Amino acid sequence: MAAITLLALGLAGAAEAAMSRGFNRLLDAVVRIDVREIEFTDGAKRISGGVGSGVIISSDGLVLTNAHVVSPQAVEVSITLASLERVNAKLVGWDHWTDLALLRIDLDAVKRRNLSFTAAEFGDSDELFVGQTVFAVGTPHGLTRTVTRGIISNNDRYFEDSRGVNGYETGAFNTWLQTDAAINPGNSGGPLVTEDGKVIGINSRGYIGADNLGFAIPAKVARSVAATLVKTGSVTRSYAGIGFRELQDLERFYALSANTGVLVGNVDVGSPAAKAGLRAGDVVLTLNGRKVDGRFPEQLPPIQQTIASLPVGSIVKLGVKRGDQLVELSAVTERLESRVGEEWAFEKWGLTVRKVSRAYARENQLTDETGVVVLGVQPGYPAAEAGLARGDILTKVGSKTIAELAQLKALYEAYEAKPEPQLVEAQRSRRISLYVIKP
Amino acid sequence: MKFHRCALLALSLLPFAIAPAAPVADMFNDRLKSVVAVEFFVQAETERQPVMVLGTVIDHAGTIILPGAAILTGVAPGQLKDFKVYRPGSTESAPAVYLGQDAFTGWHFVRVDEKARAGLVPVTQWTAAKNEPAMGEELWGIGLRNKDEDFQPYFLSSRVAVTMKLPQKTVILGSDVAGPGLPVFNAAGELAGIAQTSFGQNFLIFSRNQRGNPIVLVNVEESSVVLLAGEVLPHLGRVPRSVAGRPIAWFGAYGLQPMDPEVAKLLKLENQSGVVVSDIMKSSPADQAGLQERDIVLAIDGLPLPRLKPDRVVVSYFGQEILRRLPGDVVTLSLLRGASRVELKVRLGDEPKLVREADRRYFERLGFTVREFLYNDGILHRASPGTTEGVMVHFVKPGSAVATAGLRPDDWVREIDGAGIKSYAQAMEKLAAIEADKNRAEFVLLVSRGGETQVLRVKLN
């Protein structure tokens, strides 16, 4: 008995030494990220600042962080290394669906200033077990290099959020790791690691006001997205327009044996699936010939991912059960787009806008993608004086229909050169109003 | 509150005591005969809401008008129960019947039982003031206390602050002058108008059990807004021919927006008002006449739309111009379409079925009320016009089987147990069968909500 205990202690001691080596190496790879980015919310282009965390994942200075920490609207990204030295970094790629962004440290500066850093190692997030001890490392509330400890509370957490990343959709294609290691604002983008310092997740969010309910993107997802981002800067996904829902409790109603098929909860209007004839209430039994099992919500992201990972323009063959009938439908995928379109500020008008995207038009039951949505107006400026307000969709200026943001930019340039009153047409819940923007 | 009112009464009496006209107390007591309190119930699925409003007697047949706000739109006439009429200061009530709502004035009409008509005097008996009340002129009116105080009448008076066109001529006084729905007089005892529900002073009561749906609109006891006699008297004959308030003229454009004065200036339409047309319902009279989105209506039957303040009032003006007409009437609209002027003749139609007229049925065991899918529902759900598919959820009983399954009021039920619903009758048949089958363990609904669909599984027992 005593011998066994001693042996166990001995092993633990050796393991601890290995762990601390790994853990120290990890600590040298965690960075603080200070970002200044453009915001278009209040009718003006404003610069706002934020703090987050990141982890260096390669010797050539790639840093993984959250999409909600560094976005394409960032104008300045500064990295604080473990040595507390600061260097700049540039955005390499961005993917709000998985809430990941990839940065590259200014290596010239690192060399010139004779700085050094370490790259962290990834662990296998599939091997995690619930109850396993993990650590979160990052910059909560600006407190650089904070380590908190907890366990894996759940390794297959499903949540989808249509505006989770600064208004962008997230979470449709992966499940998340849940941990009770304290995760606070500023921890975002920092690594969740095992005791030996292996990165098994990227901390991304927590329930505000709840105790120790934090979520991380699994390393498996992070590694694969990072690999794509470094090559192409973004992740291209296929879109079919199907809103899947779990079949749980409905198998008997649909006369299915358990663990067979997934329910179609919704089909986007005008989407490839709608064109193919898929309807809400259908049950998809097979996807490109392979059986589908969507009994539980946790199984939905992998099904969505199956479609998303196909090249754009692929044929998706759906084996569908509709009532007593079995039908075969096939849809041709489109490129997946966000509901958030390009944003811009027309400063002399005191007006900030966002392009109506295809997804936004669908979501709001608009007839097409014409127009730009007003994000904000500045009080006292021409757009506000005219009566435009947040949420209006600007569809026409003078006699020109605004199909593209570029058209509005051109009209604005003409106005800047020669300010004259402009007749503007805007819609709010499809009601058309006319306004005049005056110099 | 009670004592405060008594003090006001005493103070206000003084200036009238020395007025040369009949003593104000005499005038007050005479004119009380044109004033009643009306009590009724709104019967909802699971509860009953008492409503107390004030009304003015308009003829010798015992007809009484109540303010439009007395009954919420969407409440079916069949839900209105036990109308009772009380004279001021009395505990005795007389039964009355509900006659319906007039679309143009918004008034609800009730008629009191023959036996109770003897002491009533129509408001038309009092000479109407020849001139509009001047700014600063003092007007007076009647207020009635609540039922627990036997509808005790009391005197109110105030001075005219401003006269506005909203679009009808309306005076706003410095403070409360009468109970809403009751007549207002000048110093000579002539009828100046009828007090309206005051702006921003009515509120909705929400059911304790049924979240989201207001069940009754409550008016405060007194009003400082008076619709002038000239806007009231010509329309007292608009007693609805049916309880549904039909016929109602229908134009068929949903989103009308006022034309901003700056826009008028830019379009070189100074001193001209207009409404911008959008959301024209397919196959409606407006659509059939060829009205297009973005047309700006400048005149009706040759009469230019007036410039009213605030800008929005011109939309009400346009709406009332339609409602004062009858289905089948032809209106000529003068439009600005792009840069050209267009004349258009629109033959008004008959307003499609309203929510208050829709067939509906409450399924107690399932816990919800279903009603017909109406033309107007199609507009809200952006369905193609004339869609009759599916039925609408009108009420969901809290804690019921369907509530637990996540069904909400205003959900559009497209399928029941996997079968597409083509008509109201079909839905009734299916739901009645489910309701009656005590062995049923579950059923499934496919509903549409905000453009998204959902499959809901309802567990019974």
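These are my notebook entries on what I looked up in a predicted model.

**Confidence**

I began with the scores of the model, which are ipTM 0.79 and pTM 0.83. For chain B I noted a mean pLDDT of 89, with 90% of its residues at 70 or more. I then looked up residues 1-19 of chain B, where the pLDDT is below 50. Beyond near neighbours in sequence, that stretch has 10 contacts in the model.

**Chain B as a whole**

I recorded nine helices and 29 strands for chain B. Of its 461 residues, 37% count as buried. I also looked at contacts in chain B with a separation of 6 or more, and found that residues 24 or more positions apart account for 62% of them.

**Helix 2 of chain B**

I examined helix 2 of chain B, residues 24-31, and found B:V24, B:M27, B:F28 and B:R31 buried. Why do the buried residues line one face of the helix? Seen down the axis of helix 2 of chain B, they fall within an arc of 100 degrees, so they line one face. On the other side of this helix I found B:A25, B:D26 and B:N29 exposed.

I followed strand 4 (residues 80-86) of chain B to strand 5 (residues 93-101) of chain B; the two pair in the antiparallel sense over three bridges. Here B:Y86 stands opposite B:S93. The hairpin has six residues between the strands, and in it B:G89 takes a positive phi near 80 degrees.

Strand 5 of chain B also pairs with strand 6 (residues 108-112) of chain B, in the antiparallel sense over five bridges. I noted B:F109 as the bridge partner of B:G100. This hairpin has six residues between the strands, and B:G106 in it has a positive phi near 85 degrees.

I returned to strand 4 of chain B for B:D82. Its phi is near 55 degrees, a positive value in a residue other than glycine. B:D82 counts as partly exposed, with 13 C-beta neighbours inside 10 Å.

**Cis peptide bonds in chain B**

I looked up the bond joining B:L166 and B:P167, which is cis with omega about -10 degrees. B:P167 is in the loop between strand 8 (153-165) and strand 9 (169-173) of chain B. A cis peptide bond also joins B:R246 and B:P247, with omega about -5 degrees. The loop that holds B:P247 runs between helix 3 (229-232) and strand 15 (249-250) of chain B.

**Two residues of chain A**

I found A:N166 in the loop between strand 10 (161-165) and strand 11 (168-170) of chain A. A:N166 has a positive phi of about 45 degrees although it is not a glycine. It counts as partly exposed, with 16 C-beta neighbours inside 10 Å.

Is A:K291 buried or exposed? I found A:K291 exposed, because 11 other C-beta atoms lie within 10 Å and a residue with 12 or fewer counts as exposed. It belongs to strand 20 (residues 290-291) of chain A. Leaving out residues up to four places away in sequence, A:K291 touches A:L285 and A:T286.

Conventions: Residues are numbered from 1 along each chain as its sequence is written. Chains are lettered from A and ligands numbered from 1 in the order in which they are written. This is a predicted model: local features need pLDDT of at least 70, side-chain atom pairs count only at pLDDT 80 or more; totals for chains, interfaces and linings use all residues. A residue is buried if 20 or more other C-beta atoms lie within 10 Å of its own, exposed if 12 or fewer, and partly exposed in between; C-beta atoms are placed from the backbone. Helices (H or I, at least four residues) and strands (E, at least two) are DSSP runs, numbered from the N terminus. The arc is that of the directions from the helix axis to the C-beta atoms. Two residues are in contact if their C-beta atoms, placed from the backbone, lie within 7 Å. Two strands pair if DSSP finds at least two bridges between them. pLDDT is the predictor's confidence in each residue, from 0 to 100.
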